[in-house]
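Work through these exercises with the structure open beside you. Try each task before you read its solution.

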Amino acid sequence: MSKSPGKGSDSGSSGKGPSRRVSPRASKGGKAVNEVNGEGLKSLEFDFISDYLRMREVQDQIIAAVVASGFVDDDLFAIKLCVEEALINAIKHGNKLDHAKYVHVRGSVSPSRFEIIIRDEGAGFERGEVPDPTDPSNWEKPSGRGLLLMESYMTQTKYSDQGRQIRMVKNKSKTA
């Protein structure tokens, strides 16, 4: 990923059309969660420094949009867990807690579907090299569980950009 001009400011470009660097504090008031159409589709767009406090602010806005779109119970639990896990992974493992590096979040939520892409600015990883936490020889190892949870709870999970990006989709469960 190339560095954007104005990296240290709250404005810049990702190189993919018009964009803005949004800090969660500046985005409260709806700038980072935007209604796209009258049918309940909301877009999600956040760029924030690798900081857990900022992560929580972003996570809160994402979950508020998910709840407003009608996700409840098991689906809401799955989305909360997986978003938190992916954001923590981006900050801790991807960006190595480096406050000069950003986490980039893009996505959308509608009454029937949640989709999110989370990208870090780290070195990346190879999914196949992460120990399988279900293998008895890895039970004591502290890695791989979060990836397994995300892959289990989400409808789709895909890694790209040499492991620097994860795309997750959760389709709303059918209710009786």
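## Exercise 1: Aromatic pairs

Task: Find the aromatic pairs in the whole structure and classify each one.

Solution. The model is a predicted one. A search of the whole structure finds two aromatic pairs.

Step 1. Start with Phe-77 and Tyr-153. Angles over 60 degrees count as edge-to-face.

Step 2. Phe-77 belongs to helix α3 and Tyr-153 to helix α4. They are 76 residues apart, so this pair links distant parts of the chain.

Step 3. Phe-77 has 45%, so it is partly exposed. Tyr-153 has 32% and is partly exposed too.

Step 4. Turn to the pair of Phe-125 and Tyr-159. The centres are 5.7 Å apart and the planes stand at 80 degrees, so this pair is edge-to-face. Phe-125 sits in the loop between β4 and α4, while Tyr-159 is in strand β5 (residues 156-160). The two are 34 residues apart, and the pair links distant parts of the chain.

Step 5. Phe-125 is partly exposed at 30%. Tyr-159, at 21%, is partly exposed.

## Exercise 2: A charge over a ring

Task: Which residue lies over the face of Phe-71?

Solution. Look at Lys-172. This residue lies over the face of Phe-71, at 5.1 Å from the ring centre.

## Exercise 3: The largest pocket

Task: Describe the largest pocket by its volume and its lining.

Solution. 

Step 1. Take the volume. The largest pocket holds about 580 Å³ of space.

Step 2. Look at the lining. It has 28 residues, and the closest to the pocket centre are Asn-89, His-93, Gly-94, Phe-125 and Leu-147. Phe-125 is also a member of the edge-to-face pair with Tyr-159.

Step 3. Name the contributing elements. Those giving two or more residues are α3 (73-94), β4 (113-119), α4 (145-153) and β6 (165-171). The largest share is from α3, with eight residues.

Step 4. Sort the lining by type. There are 12 nonpolar, nine polar and seven charged residues.

## Exercise 4: Elements and strand pairing

Solution. 

Step 1. Count the elements. The protein chain has four helices and six strands.

Step 2. Begin with strand β1 (residues 33-35). It pairs with β2 in the antiparallel sense, over three bridges. Glu-35 has Lys-42 in β2 as its bridge partner.

Step 3. Move on to β2 and β3. They pair in the antiparallel sense over eight bridges. Ile-49 has Tyr-102 in β3 as its bridge partner.

Step 4. Go to β5 and β6. These run antiparallel, joined by five bridges. Thr-157 is partnered by Met-168 in β6. The two strands form a hairpin with four residues between them.

## Exercise 5: Buried or exposed?

Task: Is strand β2 (residues 42-49) largely enclosed or open?

Solution. 

Step 1. Of the 176 residues in the protein chain, 40% are buried.

Step 2. Count within β2. Six of its eight residues are buried, so β2 is largely enclosed by the rest of the structure.

## Exercise 6: Positive phi

Task: Where do Asp-73, Lys-96 and Asp-161 lie?

Solution. 

Step 1. Take Asp-73. Its phi is positive, about 50 degrees, although the residue is not a glycine. Asp-73 lies in helix α3. Exposed means over 50% relative accessible area. Asp-73 reaches 62%, so it counts as exposed.

Step 2. Take Lys-96. Its phi is also positive, near 55 degrees, and it is not glycine. Lys-96 is placed in the loop between α3 and β3 (102-109). At 61% relative accessible area, Lys-96 is exposed.

Step 3. Finish with Asp-161. This residue is in the turn of the β5 and β6 hairpin, with a positive phi of about 50 degrees.

Methods. Residues are numbered from 1 along each chain as its sequence is written. This is a predicted model: local features need pLDDT of at least 70, side-chain atom pairs count only at pLDDT 80 or more; totals for chains, interfaces and linings use all residues. Side-chain values use heavy atoms; hydrogens and water are left out. On a 1 Å grid over the protein atoms alone, a cavity is a set of points where a 1.4 Å probe fits but cannot get out, and a pocket is an open set with protein on both sides within 12 Å along at least five of seven lines; lining residues have an atom within 4 Å of a point. Grid points are joined across faces, edges and corners, and a volume is the space filled by probe spheres set on the points. Ala, Val, Leu, Ile, Met, Phe, Trp, Tyr, Cys and Pro count as nonpolar, Asp, Glu, Lys and Arg as charged, and the others, Gly among them, as polar. Rings of Phe, Tyr and Trp (its six-membered ring) pair if their centres lie within 6.5 Å; planes under 30 degrees apart count as stacked, over 60 as edge-to-face and the rest as tilted. Buried means under 20% relative accessible area, exposed over 50%, partly exposed in between (1.4 Å probe, protein chains only). A charge sits over a ring if NZ of Lys or CZ of Arg is within 6 Å of the ring centre and within 35 degrees of the ring normal. Two strands pair if DSSP finds at least two bridges between them.
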